[in-house]
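Please read this briefing alongside the sequence and the coordinates. The overall picture comes first, followed by points grouped by topic.

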Amino acid sequence: MGVALALVIIVIGSVIFHLLSPWWWTPIATNWGFMDDMISLTFWITGVVYVVILLFVAYCVYKFQYREGRVAAYEPENNKLETWLTVLTSLGVAALLAPGLFVWFQFVTVPEDATEIEVVGQQWSWSYRLPGADGKLGTADNRLISDDNILGINPDDPYGQDDIVIDGDDLHLAVGQPVKMLLRSVDVLHDYYVPEFRAKMDMVPGMITYFWMEPTRVGTYDVLCAELCGIGHGYMSGIVLIDTAEDYAVWIGEQITFAEMSTNKDIKLTDLVDR
Amino acid sequence: MVEIESTSPASVPPAEVEEVELYHATNFWTKYVFSQDAKIIAIQYSGVAISIGLVALVLSSLIRLQLGFPEMFDFITPESYYQFVTMHGMIMVVYLLTALFLGGFGNYLIPLMVGARDMAFPYVNMLSFWIYFLAVLVLVASFFVPGGPTGAGWTLYPPQAILSGTPGGTGLGIILMLVSLALFIVGFTMGGLNYVVTVLQGRTRGMTMMRLPLTVWGIFTATVLALLAFPALLVATVMMLFDRLLETSFFMPSLVEFGDQLSYGGGSPILFQHLFWFFGHPEVYIVALPAFGIVSDLISTHARKNIFGYRMMVWAIVGIGALSFIVWAHHMYVSGMHPYFGFFFATTTLIIAVPTALKVYNWILTLWNGNIHLNTPMLFSLGFIVTFLNGGLTGLFLGNVIVDIPLSDTMFVVAHFHMVMGVAPILVVLGAIYHWYPKITGRMLDEGFGKIHFWVTFVGSYLIFFPMHYVGLVGVPRRYPELGDAAFIPDSVATLNSFISIAAFIVGIAQILFLYNLFWSLRNGRLAGANPWRATTLEWQTPETPPGHGNFGPELPLVYRWPYDYSVPGASEDFLAQNDPGPIDSGNSP
């Protein structure tokens, strides 16, 4: 009796905790509401299974607890029951997998009109590069990194000259404009993690990874690193802002390009002094 | 209801080969230290595994001190925090659970349960333990070298694992870790070959594969997995050692460390992740399958009822084992691998949920219409069902690639894997110790202490890891020594963290009660007799308790039936031992 009761209390306690929990995900700021829906769906399906199975266990423990003289049944197999359970379980799993893969297809299919933005991680800070007037990012290579060229932008690539470099400052994004976040690392693994975006992906030195999203909610968000990157991992923070189109246009007009940085140091300095 | 046939006992084939003469130890050293007896080796393995496991328990308390009460303890720096996290994880997964289930339970139970006098290769078996012991010593040594042990996380992902931004990365820490792992794998391979060969070749007459107890099936399949999976880890450790010591670039692309161009170039960090998880995911089942097997036997014995769907249980173990080799990249959904891998690995991962769920159903259907003794082994088994079900269901979140994207690398993952491959298998280990201690020592463990130990451990662990999922839902990343001042983390998370830490300390302290029980009962426990649980399997039918050298006296037992003849209608007792020739043949021995 006591054990069965304890199991029931665990089940009910877990459900109540879930329902009353103030610890819930952050309000979403991108188009990935499907991910939240999938988490909710998974909670529903697994939650029902959890409650039903554990209550059944509690009932068995209560009903069939040892009693002098009781004889247990002898039933090695029951093919019909086992088949039913297999089919039901497979259906439940399919109900989770099918919509999951459907949304995953959207996640890995980047829309044509997405703007490419480069995020660069290094121990332990974030930098960014935005395409200039030509709408294209120039090539870059870790081998080209130096004090004057912190992101390793290829100086011979004409597309790179007008790239906007943001070092040690916040990133701004325009609401409603899909972006493809190109992720690059200078040293070790990092992971550009903004909980409100839902989407995230590791940065791997030696390759370029990506994810895409459409910012949907104006606001200021914390950036963290989600892949262990050494002792500063827990302190690798930054800020990203989602602006209205007007605010974004103002902000982008204030930024300086790679060409301005590398050909004329004075511009960079005066620009910094101004701000 | 099943038809009962009173035919003549099932056939026992004639002996084909003569028994091999055992190695007989003559003095203290060869009998108890450099022993070739699997039962002594089992105790040695278990003793070392539990000892190093206690180190991991202390490390987990230090982790919880920091998370629950940040900035209160000056000696926990980010460096030492990462070292604690890394060593805790590595010890628990490899040096405790793998070694205990296979080296400990495997060595003790395989020969006894299959009706063999010892392992197939006793000398190699002895070497296996001593190399494992050496691996543990190397691991422990890393705590005492300059710079301390590695803090790269138990996954040891390059490039950071061998660079200066990570504790132990450029010192001896990472080197000793890799050397220790390589030694562990060499030692394990020696033991593992023994377990496999003994199950295949050492079974007594009448012990067909489909009459093996599920404990043996679990350990056997897990060992096969380990023999196939560990080589991937071995090559990864050797390649990383080369990268670290000889400046090769297997896993190292060209990179700039704190402004300095390093000489590495052309390697792939993701290659390491593939090798690591090709080992790492089967590793989950190397820990889980023995637990599945053992818990099946505990439930059946203490519910006095045959395991439900034995053949399904066997095929589920084998099927899960096979599938576990094609799901590894679900640990890498956010690694930057080709996104289309997600379709394949999410599908295989969710398919593996089906045989796993069937096992859960069958454990519960074994309870149905049973006669359930709520003793400590049964309580721990019930605790296993709760925590394993919980952890298995959250696996459906993380295995489904699109749900994993927001949750990966958060505390949700930490909660999930602790529930499913930490708490659940450890509850089985504890239940198994309560179950087999009487055979190993001849005395019962104290039930009163046992029940207190169970309730504190089970409820306490649930209170640690159930709320932790919600810390992850908020978005708190794993491997953070403190919450920081991100706006999305409310202050209440810190309160919840303190609560979790207090629960963890209580669970930790409760294990002292268990250790006390282990030693106290050695002298003061109730005498057990040969078969205190009235169980069917062969280890309970030995002429001596604890079993003597050679296990079964002059004659090896003959096996007439499957291991689950409990409460057979018409039988005079509520169990028929596997070597009981009749008069009743239940007709169900496969």
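How much area do chain A and chain B bury between them, and what share of it is on carbon and sulfur atoms? In this predicted model, chain A and chain B bury about 9,200 Å² between them, with 71% of it on carbon and sulfur atoms, where buried area is the accessible area (1.4 Å probe) that two parts lose on being put together, summed over both. This is a predicted model in which local features need pLDDT of at least 70 and side-chain atom pairs count only at pLDDT 80 or more, while totals for chains, interfaces and linings use all residues. Residues are numbered from 1 along each chain as its sequence is written, chains are lettered from A and ligands numbered from 1 in the order in which they are written, and side-chain values use heavy atoms, with hydrogens and water left out.

**Interface**

- The contact takes 92 residues from chain A and 116 residues from chain B, contact meaning heavy atoms within 4.5 Å.
- Trp23(A), Tyr74(A) and Trp104(A) supply 10% of the area that chain A buries against chain B, more than any other three residues.

**Chain A**

- Chain A has 7 helices and 10 strands; helices (H or I, at least four residues) and strands (E, at least two) are DSSP runs, numbered from the N terminus.
- The radius of gyration of chain A is 27 Å, whereas a compact globule of 275 residues would have one near 19 Å; the radius is taken over C-alpha atoms, and the globule rule is 2.2 Å times the number of residues to the power 0.38.
- Along the principal axes, the C-alpha atoms of chain A fill a box of roughly 95 × 35 × 35 Å.
- Of the 275 residues in chain A, 51% are buried (buried means under 20% relative accessible area, exposed over 50%, partly exposed in between, with a 1.4 Å probe and protein chains only).
- A cis peptide bond, with omega about -5 degrees, joins Gln123(A) to Trp124(A), and Trp124(A) lies in the loop between strand 1 (115-122) and strand 2 (125-130) of chain A.

**Chain B as a whole**

- Chain B has 15 helices and 2 strands, and its C-alpha trace spans about 80 × 50 × 50 Å along the principal axes.
- For 590 residues a compact globule would have a radius of gyration near 25 Å, and the 24 Å of chain B agrees with this.
- Buried residues make up 67% of the 590 residues in chain B.
- Among the contacts in chain B with a separation of 6 or more, 78% are accounted for by residues 24 or more positions apart.

**Local features of chain B**

- The peptide bond from Pro158(B) to Pro159(B) is cis, with omega near 0 degrees, and Pro159(B) has its place in the loop between helix 4 (122-141) and helix 5 (173-201).
- Phe258(B), which is not a glycine, has a positive phi near 45 degrees; Phe258(B) is found in the loop between strand 1 (256-257) and strand 2 (260-261), and counts as partly exposed because its relative accessible area is 43%.
- Asp409(B) also has a positive phi, of about 60 degrees, although it is not a glycine; Asp409(B) is found in the loop between helix 12 (401-407) and helix 13, and counts as buried because its relative accessibility is 10%.
- His416(B) lies in helix 13 (residues 411-441) and, at 14% relative accessibility, counts as buried.
- Not counting residues up to four places away in sequence, His416(B) touches Gly391(B), Thr394(B), Gly395(B), Leu398(B) and His469(B).
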